[in-house]
Amino acid sequence: MKIIMLGAPGAGKGTQAKKIADRLQIPHISTGDIFRANIKNGTELGKEAKSYMDAGNLVPDSVTLRLVMDRIAKEDCQNGYVFDGFPRTIPQAEALEEALRAIGQKIDFAVDIEVPDENIVHRMGGRRACLACGATYHTVYAAPKKEGVCDRCGAALMLREDDRPETVKKRLDVYHEQTQPLIDFYQDRGCLKRADGTKGVEEVFLQILELIGV
Ligand code: ADP
Ligand code: AMP
């Protein structure tokens with residue numbers, strides 16, 4: 001099954017994508033995680049992406065698309081995948097559609113996690129990320145067992161550079177302008193599903209499983 005997670009930054013795409021990937025035994029592909037890993041490892045891609053990310057802007061489509069096309073060509077993607085944070089622009093969605101069409105495939109579901117902007121700022125301020133293994137926590141809603149330490153791998157948790165309040169505002173603007181139009185795009189393709197993202201993590205997960213018929 002090929003699934004796209006849509007929703008504002010902080011809506012819970014990563015949280016739910018990991019759970020879906022686990023349940024369906026398919027890879028979770030987060031372009032944000034891939035960029036962050038590249039920044040951490042000091043690669044050319046990381047250097048190129050960092051300035052855009054820190055400013056709350058999108059990385060150029062050409063860079064993002066190259067990365068995604070390489071990723072979905074890998075063996076482990078044969079039975080599907082969950083995209084988290086991709087596509088984020090209409091040109092990205094069109095390029096993905098075209099690439100899949102060329103091999104006789106298409107996206108099965110685009111799941112939009114709906115959360116009003118008012119809730120987002122609070123969610124992102126409390127988000128703590130493990131840059132070592134990609135796990136995500138929240139100081140209130142999904143706290144680690146030991147403050148500041150990743151439950152899974154023991155590394156120190158970080159407040160993401162782009163989760164600072166001034167950048168969150170910019171990212172929300174970018175979302176409304178460039179990513180929200182994808183909701184209509186996938187509605188037109190007949191594969192859009194809407195989940196109420198204001199509920200708790202488990203409740204949102206159950207909604208999504210029902211929406212995708214699992
Ligand atoms: P996204 O991938 O859409 O940017 P995340 O999955 O990283 O969002 O979630 C953003 C923050 O909100 C994280 O700190 C996460 O732990 C928390 N969170 C995710 N889902 C919920 C939820 N349903 N209720 C409350 N907090 C949540
Ligand atoms: P995320 O982890 O999904 O919140 O993404 C963090 C940042 O990475 C975004 O604010 C963008 O700067 C960049 N990014 C992630 N995915 C994409 C994408 N599909 N297109 C462009 N930029 C992206």
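A polar side-chain atom of Gln 92 lies 2.9 Å from a nitrogen atom of ligand 2. This is a polar contact, a pair of N or O atoms within 3.5 Å; within protein, one atom must be able to donate a hydrogen and the other to accept it, and residues adjacent in sequence count only if both atoms are side-chain atoms. The model is predicted: local features need pLDDT of at least 70, side-chain atom pairs count only at pLDDT 80 or more, and totals for chains, interfaces and linings use all residues. Residues are numbered from 1 along each chain as its sequence is written, chains are lettered from A and ligands numbered from 1 in the order in which they are written, and side-chain values use heavy atoms, without hydrogens and water.

The side chain of Arg 88 places an N or O atom 3.0 Å from a nitrogen atom of the ligand. Arg 171 has a side-chain N or O atom 2.9 Å from an oxygen atom of ligand 2. Alone, ligand 2 exposes 480 Å², and the protein buries 96% of that. Such areas come from the Shrake-Rupley method with a 1.4 Å probe; for residues, only the protein chains shown count as cover.

The shell around ligand 2 holds 16 residues, of which Thr 31, Arg 36, Asn 57, Gly 85 and Gln 92 come nearest. A residue is near a molecule or strand if one of its heavy atoms lies within 4 Å of it. The shell divides into five nonpolar, six polar and five charged residues. Here Ala, Val, Leu, Ile, Met, Phe, Trp, Tyr, Cys and Pro are nonpolar, Asp, Glu, Lys and Arg are charged, and the others, Gly among them, are polar. Helix H2 (residues 31-40) gives the largest share of the shell, four residues.

Now the fold as a whole. The protein has nine helices and eight strands. These are DSSP runs, numbered from the N terminus: helices are H or I with at least four residues, strands E with at least two. The radius of gyration is 16 Å, close to the 17 Å that the globule rule gives for 214 residues, so the protein is as compact as a globular protein of that length. The radius is taken over C-alpha atoms, and the rule is 2.2 Å times the number of residues to the power 0.38. Buried residues make up 45% of the 214. Buried means under 20% relative accessible area, exposed over 50%, and partly exposed in between, with a 1.4 Å probe and protein chains only.

Gln 16 sits in helix H1. At 3% relative accessibility, Gln 16 is buried. Its side chain reaches the backbone oxygen of Val 201 at 3.0 Å and the backbone nitrogen of Phe 205 at 3.4 Å. Beyond four places in sequence, Gln 16 has contacts that include Met 5, Ile 113 and Ile 208. Contact means heavy atoms within 4.5 Å.

Gln 25 lies in the loop between helix H1 (13-24) and strand S2 (28-30). Gln 25 is exposed, at 66% relative accessible area. Its phi is near 55°, a positive value in a residue other than glycine.

Pro 87 lies between strand S3 (81-84) and helix H5 (90-102). The peptide bond from Phe 86 to Pro 87 is cis, with omega near -10°. Leu 131 is in the loop between strand S5 (127-130) and strand S6 (136-138). Leu 131 is partly exposed, at 39%. Leaving out residues up to four places away in sequence, Leu 131 touches Arg 36, Lys 40 and Met 158.
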